[in-house]
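This report goes through a structure from its overall dimensions to its contacts and its core. Please have the sequence and the coordinates open while reading.

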Amino acid sequence: MAQTEPYITADGRQIGGVLMDMRGITLRFGGVEAIKNISFDIREGEIRAIIGPNGAGKSSMLNVISGFYHPQDGEVWFRGEKRKPMKPYQVARLGIARTFQNIALFEGMSVLDNIMTGRLTHMKTGLLAQAVWKGRAEREEVANREIVEKVIDFLEIQAIRKTPVGRLPYGLKKRVELARALAAEPKLLLLDEPMAGMNVEEKEDMSRFILDVNDEFGTTIALIEHDMGVVMDLSDRVVVMDYGRKIGDGTPDEVRNNQEVIDAYLGVAHE
Amino acid sequence: MLYREAGDFKTSYQADSQTFPIAFDRWRFWVVLVVAFCVVPFFVNAYWANAILVPFLIYAIAAIGLNILTGYCGQVSLGTGGFMAVGAYACYKLMTSFPDVSIVIHIILAGGITAAVGAAFGLPSLRIKGFYLAVATLAAQFFLVWMFNKVSWFYNYSASGQINAPERFVAGVAVTGPNTAPWAQYMICLVFLTICALIARNLTRGTIGRSWMAIRDMDIAAEIIGVNPLKAKLTAFAVSSFFIGISGALFFAVYLGAVEVGEAFGIQKSFLVLFMIIIGGLGSLFGSFAGAAFLVLLPVALKVVGVDVLGWPTDLVAHLQLVIVGGLIMFFLIKEPHGLAQLWRLAKEKLRLWPFPY
């Protein structure tokens, strides 16, 4: 994987330079080393999967990227600059959005309001202008609403726009959460198990949305997923983690044939 | 047949996000507003103003304030009485120090001062949540009342420790002091309530309101999509205290005229306003009105029914009132945590489809 020049994938997508570079990340909780000296990069426009058995440190890695955890060692480079330790809301302003393993929607709000919160980083009107509403605040609201409506169309959730999120079934909630992340128009989208707990049909829908997002908006995506069929089909490159170490990194084919990965995670088919 | 969404198509996002999406609601809103401004002032007498209308208007402002903090931003506060006291004393000091400035400006400034005090007492909310935050605001309540009792500068060293509102005029009409006409009291409170409610509505439907609700519903997810929790919580405390300060200033200057802090702004006041928003509905502006109306009307209604109609002794009715309020709080917390506003919303949803629900 020494290649860093832009290239075109087999299905015609443009892969650019390195967008995010994790260098020697080490994360400890007390005496437990959740992540041990891991380095990998995410390139512009690609779909990057992080896989590994439970407790391997995948979600911790995502939390490091989104600013919840601050690694004891190592550097996070984003768009060619070293990132200072940041709070999650500051990371969001850099253009990194994410979804959660357990759905983290705002249950008391409607679908529309939930997705509108995704636009928060783009809305700048001050307190006083909002108190007056007419004028700046209203114009900004309508402009952002238009973008949100595009996302709603894209994810085919027009019919539930005004429904309180608490009333929706699981699969739709996952989709709304994706919509909220997309509304931010992120440069890097982190998906923590976007297909956990879904049936085959819902998984197919979700896979299609992920591919479309990547294809149409050129959004770089890093995802954690346990369904190997999905991972191998969707992703351009895969990082494999086990007990906080990186044991494999490469294209799906390379990873699939990596003996260490087979031993630790993939296993072999029974005869 | 008027109460219909069907056929009422919205062609712009402004129209879609307006306050009353149903035409009938819009009409009713304007009718209520016209009646409140143009009809009631001509018929209001001292009894109606003092027993029902003025306290309702003032408590509605306080309830809107607390609802922003507790209902929208999810930060429980038991300091409402203390913050009302800040508004009242700020207003008093301003009135006596700058007698030439209009009382309206004094009341707004009193709100601003309370906002600053509220934001300062909101600082612990960045570290502590829920029950513990409630106790911290309770400390604010006791500290503020103690301070206004202890530091005699606040009541201009008067012997009684009370503060008395001097007579002030708006457009030549007395609005404070002993010679105030009931309709003048009513009008100034109504104007403030209308403006406060409009501001609250605008704030809660926009970006700030969404970041408050995001913090309330799930603070971790709120942070990940770019809500600065410090800013969101402190603006909620400040805006909420602004309204509560205004209500405190009106309560002192317009309604009571003379105030002794422990009596007027004690812990009971904090609980009363909290009960209003619990019964009325957390996270709903309509709920603030409904709760304030309910808890202002309940004692009056009980007195009329119990004492005047049934001839029960006054103390029995007073105790009965406590029992009923307590029972209602439990009922609403268990059965309908979103209060009267939710019952109203459900009724409306049913009405929209009635008589063909399927």
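## Model and numbering

The model is predicted: local features need pLDDT of at least 70, side-chain atom pairs count only at pLDDT 80 or more, and totals for chains, interfaces and linings use all residues. Residues are numbered from 1 along each chain as its sequence is written, while chains are lettered from A and ligands numbered from 1 in the order in which they are written.

## Chain A overall

Chain A contains 10 helices and 12 strands; helices (H or I, at least four residues) and strands (E, at least two) are DSSP runs numbered from the N terminus. Along the principal axes, its C-alpha atoms fill a box of roughly 65 × 45 × 40 Å.

## Domains of chain A

An automatic or database domain assignment divides chain A into domain 1 (1–95 + 186–271) and domain 2 (107–185). Their C-alpha centres lie 27 Å apart. In the contact between them, 11 residues of domain 1 meet 10 residues of domain 2; two residues are in contact if their C-beta atoms, placed from the backbone, lie within 7 Å.

On the domain 1 side of chain A, α2 and α7 (200–217) each supply at least two residues. The largest share, four residues, comes from α7(A).

## Contact between chains A and B

Chain A brings 33 residues to the contact and chain B brings 26 residues. On the chain A side, α2 (88–94), β8 (96–99), α3 (111–117), α4 (127–132) and α5 (136–154) each give at least two residues. The most come from α5(A), with five residues.

## Nonpolar core

A nonpolar core is a set of buried Ala, Val, Leu, Ile, Met, Phe, Trp, Tyr and Cys residues joined through C-beta atoms within 7 Å. The largest has 173 residues, of which B:A88, B:C189 and B:L250 touch the most other members. Helix α10 (residues 229–256) of chain B gives the most to this core, with 16 residues. Both domain 1 and domain 2 of chain A give residues to this core, so it lies between them.

Leaving aside neighbours within four places in sequence, B:A88 has contacts with B:G248, B:A249, B:F251, B:F252, B:V259 and B:F265.

How values were computed. Buried ≥ 20, exposed ≤ 12 C-beta atoms within 10 Å, placed from the backbone.
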